[in-house]
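Subject: Handover of a structure and notes on its ligand site

Dear colleague,

Please find the structure below. The findings follow it, with the criteria behind each term.

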Amino acid sequence: MFENYNRKKLAILPTPIHKLERLSNYLNGPEIFIKRDDLTGLGLGGNKLRKLEFLIGDAMSKNCDTVITGGAEQSNHCRQTAAAAALAGLECHLILGGNEPHKANGNFLLDLLFNAKIHWTGEYRKGEKIPDISKELGKQGKNVYTIPYGGSNAIGALGYVYAVKELKIQMERYDLDFDTIVFATSSGGTHAGMTIGKRVFNLNPEIYGIKIDKDEIDNLKYKELLQKLCNKISVILNIEPINYNFNVNENFLGEGYGVVGNLEREAVNLCAKLEGIIVDPVYTGRAFGGMIDLVRKKYFKKGQKILFWHTGGFPSVFHYSKELLS
Ligand SMILES: *Cc1c(COP(=O)(O)O)cnc(C)c1O
């Protein structure tokens with residue numbers, strides 16, 4: 001079974017599920033539960049570790065000594081990749097958008113502690129320069145493994161195919177039946193993996209992604225990107241590729257990637273003060289804020305059970321202190 005094939009153990013699994021009692025009461029709508037992929041552990045956790053178990057496993061099986069990936073200055077994906085590489089004994093090169101900040105904090109501080117080598121690429125924050133820099137590292141004699149933006153290729157997405165199996169077991173054990181699973185969707189690996197997992201493991205709930213970034217990767221429409229990714233996962237798992245109807249809500253993009261508005265500020269503060277849980281302003285706070293809005297508009301109703309899948313990201317709150325307290 002592919003589940004254990006070339007998989008490097010990185011995350012603490014299964015992650016817990018519990019009810020957000022005070023938040024559910026406060027909103028007076030559906031019962032809201034949370035799955036804590038913010039607690040996957042290594043390098044302060046997050047959803048990318050599930051993907052990295054398969055990506056780092058693949059890199060090691062190919063005898064690579066170096067991994068390269070890219071993202072924004074406060075990329076959670078890059079921070080988790082750096083931590084995973086540290087544990088696996090691999091050199092890690094991060095291609096980060098922007099210019100070197102005067103003060104290292106949040107995820108970027110952690111990148112440095114995990115001993116990642118940083119390359120700054122100005123306006124490019126989605127790993128556009130990975131191929132060039134990878135080639136250069138190859139010339140220096142390194143055996144480089146490329147991890148795409150967000151870890152979102154078919155191999156990485158396997159992490160979320162099997163996350164659904166984990167969830168299914170928990171739902172059976174605790175006799176929980178959710179109507180909808182809500183989460184932040186961005187580079188697509190989480191969403192595509194869950195979509196395939198829902199099919200393979202017969203999961204009932206709707207998969208409902210709240211998109212947090214308006215820029216299109218490779219100029220593909222997002223649902224096309226998800227479909228292509230699902231087709232590629234199907235090849236690996238040797239299942240028939242079929243067409244999916246993806247739920248992608250694009251109404252909460254605010255002022256753009258990483259810009260904190262009222263929606264994110266309220267969500268971060270509400271979740272913190274009612275539940276003692278930190279959602280991040282870029283991904284999970286935007287999705288959480290979107291979910292709250294959909295509850296207030298009665299799209300998610302009383303009598304339903306909603307699972308918010310927390311995908312991590314909390315180290316970036318230290319970078320956004322001003323915006324979150326204003
Ligand atoms: C990367 C990330 C996401 C989005 O996951 P994708 O697989 O890229 O769609 C959501 N939340 C957090 C905190 C992330 O770091």
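On a 1 Å grid over the protein atoms alone, a cavity is a set of points where a 1.4 Å probe fits but cannot get out, and lining residues have an atom within 4 Å of a point. The model is predicted, so local features need pLDDT of at least 70 and side-chain atom pairs count only at pLDDT 80 or more, while totals for chains, interfaces and linings use all residues. Residues are numbered from 1 along each chain as its sequence is written, and side-chain values use heavy atoms, with hydrogens and water left out.

The cavity

One cavity of 30 Å³ or more was counted. Two or more lining residues come from each of α2 (48–61), β3 (66–71), α3 (76–88), β7 (180–185) and α7 (189–200); helices (H or I, at least four residues) and strands (E, at least two) are DSSP runs, numbered from the N terminus. The largest share, three residues, is that of α7. By class, the lining holds five nonpolar, 17 polar and two charged residues. Here Ala, Val, Leu, Ile, Met, Phe, Trp, Tyr, Cys and Pro count as nonpolar, Asp, Glu, Lys and Arg as charged, and the others, Gly among them, as polar.

The ligand

The ligand takes up the space of the largest cavity (more than half of its atoms lie within 2 Å of the grid points). Around the ligand are 17 residues, the closest being K48, K51, S187, T190 and T311 (a heavy atom within 4 Å). This shell has two nonpolar, twelve polar and three charged residues, and α2, β7 and α7 each supply at least two of its residues.

Polar contacts are pairs of N or O atoms within 3.5 Å. An N or O atom in the side chain of S187 is 2.5 Å from a ligand oxygen atom. For K51, a polar side-chain atom lies 2.6 Å from an oxygen atom of the ligand, and for S186 a backbone N or O atom lies 2.7 Å from one. The protein covers 98% of the 380 Å² of accessible area that the ligand has on its own (Shrake-Rupley method, 1.4 Å probe).

Backbone

Most residues other than glycine have a negative phi, and most peptide bonds are trans. L13 and P14 are joined by a cis peptide bond with omega of about -5°; P14 is in the segment before β1 (17–19). N202, not a glycine, has a positive phi of about 50° and is in the loop between α7 and β8 (206–211).

With kind regards

Notes: 1 Å grid on protein atoms, 1.4 Å probe; cavity = no way out; pocket = protein on both sides within 12 Å on 5 of 7 lines; lining within 4 Å. Points joined across faces, edges and corners; volume = space filled by probe spheres on them. Polar contact = N/O pair within 3.5 Å; in protein donor to acceptor, adjacent residues only side chain to side chain.
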